[in-house]
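Biologist: Hi! Could you walk me through this chain? I'm new to reading structures.

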Amino acid sequence: MKSAIWAALFFAAMSVTASAFASGWSSNGGGFDDESNNIWFLGEKPVHYCVQVGSDYPLGSALAASMVQESIADWVAFFRARGFDTKSLFRETLKGIWQMPAGKPNKAALSFTADTSCQSDTEIKFLFGVTNDVVESLRSSNDENDLGMAIRKDYDHVTFRNPGIVWLAKFSTDPAKIRHLLLHEIGHVFGMRHDSVPVMDSRVAYHLARPFMPGAFFGKIENAGWPYAMSEGRLEISDTFGSTFDRLFPSGIISNCPAGYFPNAAMPPRVLNQLGFSPSGCHHVTAKVTNPDFTVRQFTFALELEDSVNGNKVLTTGLFTHNRIANISHPGPSVYTLATFASDPSKKARVSLRLDQDPNLFPARGSFAFGGKLHAARISYEKGPMIEIFFPDMAGGVWWPIRNAYDNLDLLD
Ligand SMILES: [Zn+2]
């Protein structure tokens, strides 16, 4: 109730002091407590939003409004493609299933309606270069907050409707960059976590500030180099990432390699030696998940390594098992709230309920065979897939990390 009153007051009176109204509002750019990544709106009812554009903002009102509409549509398409429009919030545990109590909305709201102007019952205000006391009080708590924020009040566990603000600073004149940040902030409204997909990169502000970043990078939720999740049979580490990223490698290192190939000089010498690859050549890696078994959280990874100079090809497969680490959070949208135990509704607990139906497979441990010997390997998925393979030697050995080009953006630091 208090929350509702405050929200109504806020939308009616924008000029009250920050000290009176800052408390309870929070930016999803941070995300320290369990509820900070909750999906803002559950249920079938359309979410009403409005768009306000500052007079000196680089985008006109019409363009800003269509950008908001398109960005919401992109996310809705992303969720529909994964069946999140029909899936209910649930939690898989070893003991049983926790679910939303009957009567509570258990699906993410995927229907949005634009109001022609901001009304008291408008649920999301998109502010382009328009500020207010709440925005100002939360700015600059981190880099992203200085460029954009998705902010709402304390989570309402009764209505599961959480009005808020998506605010963008006048940080760029480039529509592609503005759209990318807008897409990122809307991702927070849908409960998408940082580093779950490329657009939700926790370093989004850093990437947006880089003047040479190719436009192809912006405006996409996910890409081939960093898909939302691994799926069976699809190439996960490949040479098809696109030549636009080649120039992001430090000059000279990749210039002699065909598009998508990586310089052998960047491989540990121990690995080059074991694989029989040419030190002056380039290598190409493909890897596929096959036969995932979610009940035992096992899958096979098929790895192919090819040298561009001598044509040496190494094919190997490895069996991998999910190795659970305490407090690993699932990247999918979720709601942390009071749930009931499916087989005994009198049992209640505060748990995180998520939309994904498949348990997480990562991180995982396993091994690949090279030259008849098993080499320990691990796969992590913080920013897209990364395989690390251990090559023992007299000095103890070396881990060889294989990643997609996306992660190599950080090599430029
Ligand atoms: Zn963010």
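Modeller: Happy to, and we'll go from the overall picture to some single residues. This is a predicted model, where local features need pLDDT of at least 70, side-chain atom pairs count only at pLDDT 80 or more, and totals for chains, interfaces and linings use all residues. Residues are numbered from 1 along each chain as its sequence is written.

Biologist: What is the mean pLDDT of the chain?

Modeller: The mean is 82, and 80% of the residues reach 70 or more. pLDDT is the predictor's confidence in each residue, from 0 to 100.

Biologist: And where does pLDDT stay under 50?

Modeller: Residues 1–23 are one such stretch, with 24 contacts beyond four places in sequence in the model. Residues 239–255 are also below 50, and that stretch has 28 contacts beyond near neighbours in sequence. Two residues are in contact if their C-beta atoms, placed from the backbone, lie within 7 Å.

Biologist: How many helices and strands are there?

Modeller: The chain has eight helices and 19 strands. Helices (H or I, at least four residues) and strands (E, at least two) are DSSP runs, numbered from the N terminus.

Biologist: What share of the chain counts as buried?

Modeller: Of its 413 residues, 37% do. A residue is buried if 20 or more other C-beta atoms lie within 10 Å of its own, exposed if 12 or fewer, and partly exposed in between, with C-beta atoms placed from the backbone.

Biologist: Which residues touch the most other members of the largest nonpolar core?

Modeller: They are Phe-126, Phe-128, Val-166, Trp-167, Leu-182 and Ile-186, out of 59 residues in that core. Helix H6 (residues 175–189) gives the most to this core, with six residues. Another core, of 24 residues, lies apart from it, and Val-285 and Phe-368 are among its members. A nonpolar core is a set of buried Ala, Val, Leu, Ile, Met, Phe, Trp, Tyr and Cys residues joined through C-beta atoms within 7 Å.

Biologist: What does Trp-167 touch?

Modeller: Not counting residues up to four places away in sequence, Trp-167 touches Leu-127, Val-135, Gly-148, Met-149 and Ile-151.

Biologist: Let's talk about S6. Is that strand mostly covered or uncovered?

Modeller: Strand S6 (residues 124–128) is mostly covered, with five of its five residues buried. Ile-124, Phe-126 and Phe-128 are on one side, while Lys-125 and Leu-127 are on the other.

Biologist: In which sense do S6 and S8 pair?

Modeller: S6 pairs with strand S8 (residues 164–168) in the parallel sense, over five bridges. In S8, Gly-164 is the bridge partner of Ile-124. Strand S2 (residues 47–53) also pairs with S6 in the parallel sense, over five bridges, and Gln-52 stands opposite Leu-127. Two strands pair if DSSP finds at least two bridges between them.

Biologist: New topic: what kind of peptide bond joins Phe-362 and Pro-363?

Modeller: That bond is cis, with omega about 0°. Pro-363 sits in the loop between strand S15 (344–354) and strand S16 (364–370). For background, most residues other than glycine have a negative phi, and most peptide bonds are trans.

Biologist: So what is the phi of Asp-195?

Modeller: Asp-195 has a positive phi of about 70°, although it is not a glycine. Asp-195 lies in the loop between H6 and helix H7 (204–208).

Biologist: Why does Asp-195 count as partly exposed?

Modeller: Because Asp-195 has 16 other C-beta atoms within 10 Å. Asn-291, in strand S11 (residues 282–293), has a positive phi of about 50°.
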